[in-house]
Amino acid sequence: MGENGAFIKRAMVIGGGIAGISASIDLGNGGYEVVLVEKLPSIGGRMLQLSETFPTLDCAQCTLTPKTVETGQHPRIKLLTYSEVDSVQGKAGDFRVRIRRKAAYVDWEKCTGCGLCQQKCPSKNPSEFDRGMGLGKAIHTLSPQAVPNKPVINPSQCRYFKEKKCRVCEKVCPVGAIDYEQQDRFVEERVGAIITAVGFDLIPKESFGEYGYGNVPDVIDGLAFERLNSASGPTTGEIRRPSDGKIPKEVVFIQCTGSRDPDRYMPYCSRVCCMYTAKHARLYKHKVHDGQAYIFYMDIRSTGKGYEEFIQQGMEEEGILYLRGRVSRIFRDGEKVVVWGVDTLTGKKVEVSADMVVLATAIVSQRDTKDLAGKLGIKTDEYGFLTEAQRKLRPVETDVEGIYIAGCAQGPKDIADAVAHANAAASKVQGLFAKH
Amino acid sequence: MDYLYFPGCTLNTKAKNFDQTARDCSRLLGFELKELKNWTCCGATFPLATDNIMALLPPSRILATAREEGTTLTTLCAICFNVIKRTNRLIQGDGEKKDKINNFIEKNYQGDLQVLHYLEILKQDVGFPQLKEKVKKPLEGLKAAAYYGCMLLRPFKEMGFDDKEKPTLFEDFLEALGAKAVEFPYKIECCGSFQSVGSPDVATECAHKILGSALKNGAEAMVSTCPMCTFNIDHKQSDIKQKYSDFKPVPVFYFTQLLGMAMGLDYQTLGFEQNAVDPLPLLKEKGLL
């Protein structure tokens with residue numbers, strides 16, 4: 001217990017995606033202090049990479065940015081970004097969490113977020129946030145709307161760290177915030193409850209030999225398409241293919257890439273691909289009117305509110321060609337990407353000479369989720385997703401009292417479900433705090 | 001070290017050049033292909049019906065006989081390799097079938113034989129770097145497309161020959177001989193196989209696509225590991241030519257013929273008279289004769 005053995009009514013949320021943000025705001029508004037730990041330099045998570053969201057086609061950043069800003073300015077939310085949980089001790093009411101604050105090589109206390117260092121940095125590298133398509137700087141924030149708007153230096157890209165010369169950012173920084181000597185440091189936070197909302201990853205497209213092991217340049221994954229379609233992305237929202245920047249006139253979308261494939265990849269359904277593929281194809285048609293979108297699918301699973309209507313609209317009004325069948329091979333032939341598939345409704349083989357292919361790659365757990373689960377003493381399933389206490393009736397609790405889970409860390413979810421899950425986790429924490 | 005060798009029917013007849021060049025090359029590489037006694041047809045197709053025990057008997061008998069003589073069995077023909085290796089795996093993993101098969105063939109074979117393809121010997125036992133050193137006449141300037149077909153690779157879990165979607169073993173072999181291996185997307189596609197009997201047009205189409213793709217990517221020659229593939233992509237080129245008048249014939253080699261050339265064998269011993277498209281003009285042009 002805390003001072004004098006009191007139950008500490010302060011929570012930690014691990015993971016600053018839409019689930020973690022939602023839970024943090026709920027708890028903060030409920031009157032409790034929250035420590036939000038995020039391993040990346042800023043919050044927003046995967047949703048910040050998205051262009052528009054289904055089924056309303058709202059701009060993801062327009063709906064998310066008010067939430068990230070609210071989180072950043074909330075009087076009861078303490079943001080620890082670029083930080084990872086190092087160890088956890090204690091029990092419900094008194095967890096002592098040691099947190100590694102990774103060296104940003106920028107003194108965030110001094111930094112005003114003016115952005116001059118990023119403008120002047122000479123080291124350009126493929127941007128991870130833009131799925132390797134655009135160029136980012138060695139000193140960078142994840143996006144122009146980053147919360148907090150403080151940059152970090154990636155030492156593996158920085159000229160000074162690699163070659164001991166440059167120091168341009170140090171020279172241009174008007175407040176002297178650059179600190180090449182900065183080290184990781186550790187802080188301890190004491191909280192009464194923890195919500196784990198560490199999100200998901202995508203199975204790498206390099207896993208798929210039949211689709212060229214990631215070596216065909218115009219075969220991209222769903223998140224990459226989000227970046228291409230995003231106004232803040234590498235093409236400022238124009239659909240241009242990575243290899244030569246041309247506007248693709250025929251685009252093939254392949255659902256269930258790595259999902260529902262128990263022999264080779266993931267046996268489960270990733271739940272969002274049917275919808276986001278339909279969304280991608282529709283957004284593509286909105287921007288390239290004379291383009292043709294093909295979607296290879298196994299089944300259409302559109303079980304959310306307004307989802308089936310969204311799919312139907314794409315089929316009937318936007319001329320998207322749905323082909324029920326799998327794709328067996330993709331290869332590059334000159335400037336084209338040849339797609340071999342089958343239409344099982346007609347029983348015919350289909351060959352499309354496409355300009356670009358978008359793979360709806362399976363949602364998988366983050367690589368470090370298992371490690372974090374070990375520190376928290378909670379379980380993961382065989383795929384690395386966090387295990388809830390009871391599949392139906394206790395979907396946000398874990399086997400450890402005071403530790404809850406939210407969002408895609410538990411399994412694939414769309415935004416609405418991830419937010420609902422996070423709201424539920426936050427309300428469980430409030431219930432726990434109210435009891436003591 | 002000598003290798004117990006199963007030639008298979010086609011290598012005894014239509015693909016004699018494949019068989020002979022492999023035996024000659026082995027001697028130059030310091031080992032002998034020791035022919036299995038009393039061998040029979042491998043069965044030619046691995047049965048897909050789970051209760052089709054009869055079709056498993058020929059390869060099982062071959063395996064059992066081979067085990068009496070040694071611990072490995074080597075093949076050259078990709079189809080024989082496929083049938084024998086898969087049967088071996090089935091015997092290893094399915095006790096009930098193993099007993100049934102042994103009862104039929106009156107043997108007691110336990111699946112403890114290693115089934116090898118000649119290319120695997122070249123890679124693992126000889127080694128491509130060492131092979132490169134042994135090459136007397138590098139095939140410099142020859143742009144050759146390594147055509148795997150299906151049978152070496154599929155089904156991947158059972159064959160485990162190389163990467164299932166993008167194998168490189170065959171290309172590495174060609175590079176060791178000094179040739180330039182041409183990458184082309186159809187290198188692991190089906191040649192049409194036995195369709196050339198029942199639906200010859202289907203097989204001709206397959207072959208035309210494979211050859212066209214290799215030519216488009218700069219190949220001057222095709223290299224095969226399989227008499228079936230060779231039949232479809234070499235001997236059927238006359239049919240392709242009839243259908244597509246602009247088709248330019250391309251020589252198809254067995255990989256052992258190229259190996260023999262590189263090892264310095266006289267070209268007259270390489271059995272080119274059995275190749276449908278005469279490779280000599282190309283070899284002359286490349287200064288390899």
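This is a predicted model: local features need pLDDT of at least 70, side-chain atom pairs count only at pLDDT 80 or more; totals for chains, interfaces and linings use all residues.
Figure 1. In strand 12 of chain A, A:R185 is the bridge partner of A:R101. Strand 12 (residues 185–191) and strand 7 of chain A run antiparallel and are joined by 7 bridges. Strand 7 (residues 94–101) also pairs in antiparallel fashion with strand 6 (residues 83–91) of chain A, here through 8 bridges. A:R101, in strand 7 of chain A, stands opposite A:S83. The hairpin of strand 6 and strand 7 of chain A has 2 residues between the strands, and A:G93 adopts a positive phi near 95 degrees in this hairpin.

**Figure 2. The contact between the two domains of chain B**. Chain B is divided into domain 1 (3–118) and domain 2 (128–285). The C-alpha centres of domain 1 and domain 2 of chain B are 24 Å apart. Each domain contributes to the contact, with 23 residues from domain 1 of chain B and 23 residues from domain 2 of chain B. On the side of domain 1 that touches domain 2, the elements giving two or more residues are helix 1 (9–12), helix 2 (16–29) and helix 4 (78–93) of chain B. Helix 2 of chain B gives the most to this side, with 10 residues. The residues on this side of domain 1 of chain B comprise 11 nonpolar, 6 polar and 6 charged.

**Figure 3. The largest nonpolar core and a second, separate core**. The largest nonpolar core has 87 residues, of which B:I84, B:A144, B:A145, B:M222, B:V223 and B:L258 touch the most other members. Helix 4 of chain B supplies the largest share of this core, 8 residues. At least three residues of this core come from each of domain 1 (3–118) and domain 2 (128–285) of chain B. Apart from its neighbours within four places in sequence, B:A144 is in contact with B:L174, B:A179, B:A181, B:V182, B:A219, B:A221 and B:V223. A second, separate core of 85 residues includes A:V13, A:V152, A:I178 and A:A373. In soluble globular proteins, nonpolar side chains tend to be buried together.

**Figure 4. Domains of chain A and the contact between chain A and chain B**. Chain A is divided into domain 1 (3–102 + 184–199 + 366–435), domain 2 (116–172) and domain 3 (203–362). The C-alpha centres of domain 2 and domain 3 of chain A are separated by 32 Å. Their contact takes 6 residues from domain 2 of chain A and 8 residues from domain 3 of chain A. On the side of domain 2 of chain A that touches domain 3 of chain A, 2 residues are nonpolar, 2 polar and 2 charged. The contact between the chains takes 5 residues from chain A and 5 residues from chain B. The side of chain A that touches chain B consists of 2 nonpolar, 1 polar and 2 charged residues.

**Figure 5. Cis peptide bonds in chain A and chain B**. A:V147 and A:P148 are joined by a cis peptide bond with omega about -5 degrees. A:P148 is located in the loop between strand 10 (139–140) and strand 11 (152–153) of chain A. In chain B, a cis peptide bond with omega about -5 degrees joins B:R154 and B:P155. B:P155 is placed in the loop between strand 5 (143–146) and helix 8 (156–159) of chain B.

**Figure 6. Positive phi at A:C166 and A:R260**. A:C166 is not a glycine, although its phi is positive at about 120 degrees. This residue is found in the loop between helix 4 (159–163) and helix 5 (168–172) of chain A. A:C166 counts as partly exposed because it has 17 C-beta neighbours inside 10 Å. A:R260, likewise a residue other than glycine, has a positive phi near 55 degrees. A:R260 lies in the loop between strand 16 (250–257) and helix 7 (273–287) of chain A. With 18 C-beta neighbours inside 10 Å, A:R260 counts as partly exposed.

Methods:
Residues are numbered from 1 along each chain as its sequence is written. Chains are lettered from A and ligands numbered from 1 in the order in which they are written. Domain bounds come from an automatic or database domain assignment. Two residues are in contact if their C-beta atoms, placed from the backbone, lie within 7 Å. Helices (H or I, at least four residues) and strands (E, at least two) are DSSP runs, numbered from the N terminus. Ala, Val, Leu, Ile, Met, Phe, Trp, Tyr, Cys and Pro count as nonpolar, Asp, Glu, Lys and Arg as charged, and the others, Gly among them, as polar. Two strands pair if DSSP finds at least two bridges between them. A nonpolar core is a set of buried Ala, Val, Leu, Ile, Met, Phe, Trp, Tyr and Cys residues joined through C-beta atoms within 7 Å. A residue is buried if 20 or more other C-beta atoms lie within 10 Å of its own, exposed if 12 or fewer, and partly exposed in between; C-beta atoms are placed from the backbone.
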